Amino acid sequence: MSRLVAELPAPTTQNPVRAGRRRRSRQERLAYKILLPALGTVVVIVTIPFILAVVQSIQADDGTWVGLQNYARALSNPGFYDALRATGLYAVIVLPAEIVLGLGFALLVHRTVQSPGLRATLYILAVVPLVVPPVAVGVVARLIYAPGYGVLNVILERLGIIHQEIEWLSVPALAMFSVASVDIWQWTPFVYLVLFAGLQTVPKESVEAAQVDGATWWTQFVYIELHYLRPLFLLILFFRAADILRVFDHIFILTGGGPGTTTQLLSLYLYRVEFRFFQTGQGSALAVVVLVSISLLYTLVTRLLPLERT
Amino acid sequence: MAIGARLALAVIGLAAAAIVYAFPLYWLIVTSLKSKAELFASTIHLLPHNPTFEPYVSVLIDRGFWVLLKNSVIVCASTVVITIALGLLITYPITRLPVPVGLRVGVLNWALSLRFLPPVAVVIPYFAIVRTLQIYDQPIALIGIYSLFNLPFAIWMLKGFLAEIPLELEDAALVDGANRWTAFRRVLLPLAAPGLLAAATIVFTFAWSEFLFALILTATPNAQTFPVGVQGLVTQFEIIWNDMAASGVIAMTIPLILMVVARKYMVAGLTFGVIRDK
């Protein structure tokens, strides 16, 4: 029977010295001999595109140097701020919904489902949405929301809830909701799995002691379980935020960024500038801006993540 | 909350989730089994109605999507081989050999930072490189970038698996006169095999689902992968719903089958080992 648990890092201890000085240094040399070529290749391959992006960002399309002109154009383009706003709105809808729903289900299953078989089944079912390709999820969403053929309107009409088609993808607010709902569908199970695993690390004794002391459902959560889940919330926020910055596939399929630019998130905007309007200089400037801001953000937050690094 | 109320809440919650998750997938499959004639019928049947495999034949044979499937398999399999090989070259020294703790932590942190690279920002300069090397619209362009983007997962997963195998086992083989390579092949590799398989499966799944790079770096069935084909069916002027649904079903079948193999490691992979299966 499998049991999913969260494994948080133990305080780091020094490696015990396992062998004599000479053997150790020979092994260490071997380590570098294997590691450095592989690592070096990857570092070079990662770095080249970044340098190239910087070079392209200070050139015009015909190769002349233009200094920071591309940056000025990229950052004064209102489309960029629309994209930032859309990305922010998307995050504000999607993150709380996924966390509240995922946490709700994790607590519910943790408290009420005791059968290991049923828990294992729920685990497998929760993994399913995570492995469905986002493109396929986009297709499913299209079948549900599309005008004329979307099944959601058909169902709502048959139930007598609506009498007129709702234009899920062409009214701005509804389009954003439709696009966000797809993200929530796909990623709430991830939040559920992580938090459910976190709940399994809460020691039974402290819960039982609290219950003897008359802790209610709510106080048990706030004073005991929340404490164990805190690092996992951070992990979820960080990973999901990174994913939102790369969201592309399902929106591209469902609305293509429309109506207008309502659902044109940052990655769709960059794609448009570079590969639809062929503004290479501006696209590269944007790429550099995004890469640098993410690296900064990353260095600020990464040390807080509860990962086993040793 | 009383036990009864809690149970009722659980039943209602899980039933609602079941509908929200099962119905869209059900509807995808039902639509993929519709005949052309039924698409234009005035009433939409919610239950299967004269199901037919016509759309699958239409997608794979008539539209020639089997070529895209083949491309996907080639790209994903090559990505898996390169990613796992590179991953082993990087994780073997830092987990099995005495390197300074700082180096190990540095490598892992660096790998983690790659996880947060936004693909669209990377693909802009990568596109220029691909044009210069004249590998535009060739599988190798995808294999390269997929290997890079999957490497962080591979490094963190392999690190987890290798660290769990006691160093003493290899040391024993070394004392018996085996060299490092033999000890690696005969002792470590068999023990790490389940973990390697899991990592390989997950990398394959990720590569299979990838869409943005494939959209930008390919143009013809010479290198286009299956998701690009699916997208082509969606944004046409007139959507052929049953074909589109069938292509969606095909796209998700392979990851779902692979998930059966790697289900225990899926969450560990996605969370860089924070969530483990005990």
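Residues are numbered from 1 along each chain as its sequence is written, while chains are lettered from A and ligands numbered from 1 in the order in which they are written. In this predicted model local features need pLDDT of at least 70, side-chain atom pairs count only at pLDDT 80 or more, and totals for chains, interfaces and linings use all residues, with side-chain values taken from heavy atoms and hydrogens and water left out.

Chain B holds 12 helices and 1 strand, where helices (H or I, at least four residues) and strands (E, at least two) are DSSP runs numbered from the N terminus. Starting at the N terminus, the order of elements in chain B is α-α-α-α-α-α-α-α-α-α-α-α-β. Along the principal axes, the C-alpha atoms of chain B fill a box of roughly 75 × 65 × 35 Å.

With contact meaning heavy atoms within 4.5 Å, 99 residues of chain B and 100 residues of chain A take part. About 9,100 Å² is buried between the two chains, and carbon and sulfur atoms give 77% of that area; buried area is the accessible area (1.4 Å probe) that two parts lose on being put together, summed over both. P98(B), F116(B) and I124(B) supply 8% of the area that chain B buries against chain A, more than any other three residues.

One salt bridge crosses the interface under the rule, which asks for a side-chain nitrogen of Lys or Arg within 4 Å of a carboxyl oxygen of Asp or Glu. R115(B) and D243(A) form a salt bridge through their side chains, at 3.2 Å from N to O. Helix α1 (residues 3–32) of chain B provides 15 residues, the largest share of the side that touches chain A.

The largest pocket has a volume of about 1,100 Å³, a volume being the space filled by probe spheres set on grid points joined across faces, edges and corners. A pocket is an open set of points on a 1 Å grid over the protein atoms alone where a 1.4 Å probe fits, with protein on both sides within 12 Å along at least five of seven lines; lining residues have an atom within 4 Å of a point. Among the 36 lining residues, W185(A), A17(B), I19(B), V20(B) and Y21(B) are the closest to the centre of the pocket. α1(B) gives the most to this lining, with 12 residues.

The table gives residue classes, with Ala, Val, Leu, Ile, Met, Phe, Trp, Tyr, Cys and Pro as nonpolar, Asp, Glu, Lys and Arg as charged, and the others, Gly among them, as polar.

| Lining of the largest pocket | 32 residues | 4 residues | no residues |
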